[in-house]
Amino acid sequence: MYVFLHAVKGTPFETPDQGKARLLTHWEQLDYGVQFTSSRKFFTISPIILYFLASFYTKYDPTHFILNTTSLLTVLIPKLPQLHGVRIFGINKY
């Protein structure tokens with residue numbers, strides 16, 4: 001999900017925006033960049049629910065808990081509104 005929403009840029013089809021979408025990830029294009037819409041909330045809440053389920057079913061084993069927390073943070077941090085359009089260390093700039 002991280003790769004699809006936050007790493008791959010552009011669109012799979014022709015858009016009438018004069019090529020502006022080719023520089024944006026799918027998450028940045030979602031709902032035309034409007035924050036806190038229902039679809040963005042769904043994509044934010046679903047990894048949190050999976051995190052709670054995975055933590056519960058692994059009985060909060062320290063190794064799994066650290067791995068689950070790390071993966072949750074790598075998915076949630078790019079979704080923050082403060083990071084909209086930000087390329088950290090120039091990664092995925094072009």
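User: In what order do the elements of the protein run from the N terminus on?
Analyst: This is a predicted model, in which local features need pLDDT of at least 70, side-chain atom pairs count only at pLDDT 80 or more, and totals for chains, interfaces and linings use all residues. Residues are numbered from 1 along each chain as its sequence is written, and side-chain values use heavy atoms, with hydrogens and water left out. The secondary structure comes to four helices and zero strands, these being DSSP runs numbered from the N terminus (helices: H or I, at least four residues; strands: E, at least two). From the N terminus on, the order is α-α-α-α.

User: How are helix 3 and helix 4 oriented to each other?
Analyst: The axes of helix 3 (residues 38-57) and helix 4 (residues 62-76) come within 10 Å and cross at roughly 180°. Axes are lines fitted to C-alpha atoms, for helices over the stretch in contact, with angles from 0 to 180 degrees between N-to-C directions. Angles over 145 degrees count as roughly antiparallel. The two helices are therefore roughly antiparallel.

User: Which residues of helix 4 make the contact with helix 3?
Analyst: Contact means heavy atoms within 4.5 Å. Helix 3 contributes Thr44, Pro47, Ile48, Tyr51, Ala54 and Ser55. From helix 4 come Phe65, Asn68, Thr69, Leu72, Val75 and Leu76.

User: Which residue forms a salt bridge with Glu28?
Analyst: A salt bridge is a side-chain nitrogen of Lys or Arg within 4 Å of a carboxyl oxygen of Asp or Glu, and the structure holds one. Glu28 lies in helix 2 and its partner in the segment after helix 4, so the pair ties together parts that are 59 residues apart in sequence. With the closest N and O atoms 2.9 Å apart, the partner is Arg87.

User: Which helix gives the most to the lining of the largest pocket?
Analyst: A pocket is an open set of points on a 1 Å grid over the protein atoms alone, where a 1.4 Å probe fits, with protein on both sides within 12 Å along at least five of seven lines; lining residues have an atom within 4 Å of a point. The largest pocket is lined by 17 residues, and helix 1 (2-7) and helix 2 (26-29) each supply at least two. With three residues, the helix that gives the most is helix 1.

Key: Parallel < 35°, antiparallel > 145°, perpendicular 65-115°, else oblique.
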